[in-house]
Amino acid sequence: MHDAIRSDSIFGNYRASGYLYDFLIELYRIRSAEGTSASPSAALMKAIDYISCNYASSITPDDLCKASGVSKQHLCLLFRRIMNMRPMEYIAKRRIQEAKSLLTGTDKSIEAISYETGFCSESYFCMLFRRYEGLTPSAFRNTK
């Protein structure tokens, strides 16, 4: 760009403008490709780490925003783009994952497991478990 401006006083600015435009388009293309790659952003990783450490307690979108350092809208966009789900859906799936482990590895009641994994009620836990796993928690326990 610098050489284009210095070498031609009449059309140098136009060429430099074209080079700058090409550079910005290429930068945008590379940046967009990074957003869809397998390497999640630092903010998303902070949110996922927060969820992994706190799944058993009540987690609000505000908690995730504070942990990740981004706005709700941006965090939802990151989850949608990289994880292909909403943040609260990820939390529910993380809780279900832990519940499956407890169902197969312990003799705790389904009610105890539901509260231990962060669900507000046993019925809500059973509803989500059936939605994501295709069977009830007790049926899952009996098949394993």
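Trainee: Where does Asn84 lie?

Mentor: Asn84 lies in the loop between helix 5 (72-83) and helix 6 (87-105). This is a predicted model, where local features need pLDDT of at least 70. Residues are numbered from 1 along each chain.

Trainee: Why does Asn84 count as exposed?

Mentor: Exposed means over 50% relative accessible area, buried under 20%, and partly exposed in between, with a 1.4 Å probe and protein chains only. Asn84 has 60% relative accessibility, so Asn84 counts as exposed.

Trainee: What is phi of Asn84 near?

Mentor: Phi is near 60°. That is a positive value in a residue other than glycine.

Trainee: Why are helix 3 and helix 4 called oblique to each other?

Mentor: Helix 3 (residues 42-54) and helix 4 (residues 61-68) pack at about 125°. Their axes are 8 Å apart. Angles under 35 degrees count as roughly parallel, over 145 as roughly antiparallel, 65 to 115 as roughly perpendicular, and the rest as oblique. Therefore the two helices, helix 3 and helix 4, are oblique.

Trainee: What makes helix 3 roughly perpendicular to helix 5?

Mentor: The axes of helix 3 and helix 5 cross at roughly 90° and come within 10 Å. So helix 3 is roughly perpendicular to helix 5.

Trainee: Which residues make that contact between helix 3 and helix 5?

Mentor: Contact means heavy atoms within 4.5 Å. From helix 3 come Ala43, Leu44, Ala47, Ile48 and Ile51. From helix 5 come Leu75, Leu78, Phe79, Ile82 and Met83.

Note on methods. Predicted model: local features only at pLDDT ≥ 70, side-chain atom pairs only at ≥ 80, totals over all residues. Heavy atoms only, no water. Axes fitted to C-alpha atoms, helices over the stretch in contact; angles between N-to-C directions. Helix = DSSP H or I, 4+ residues; strand = E, 2+ residues; numbered from the N terminus.
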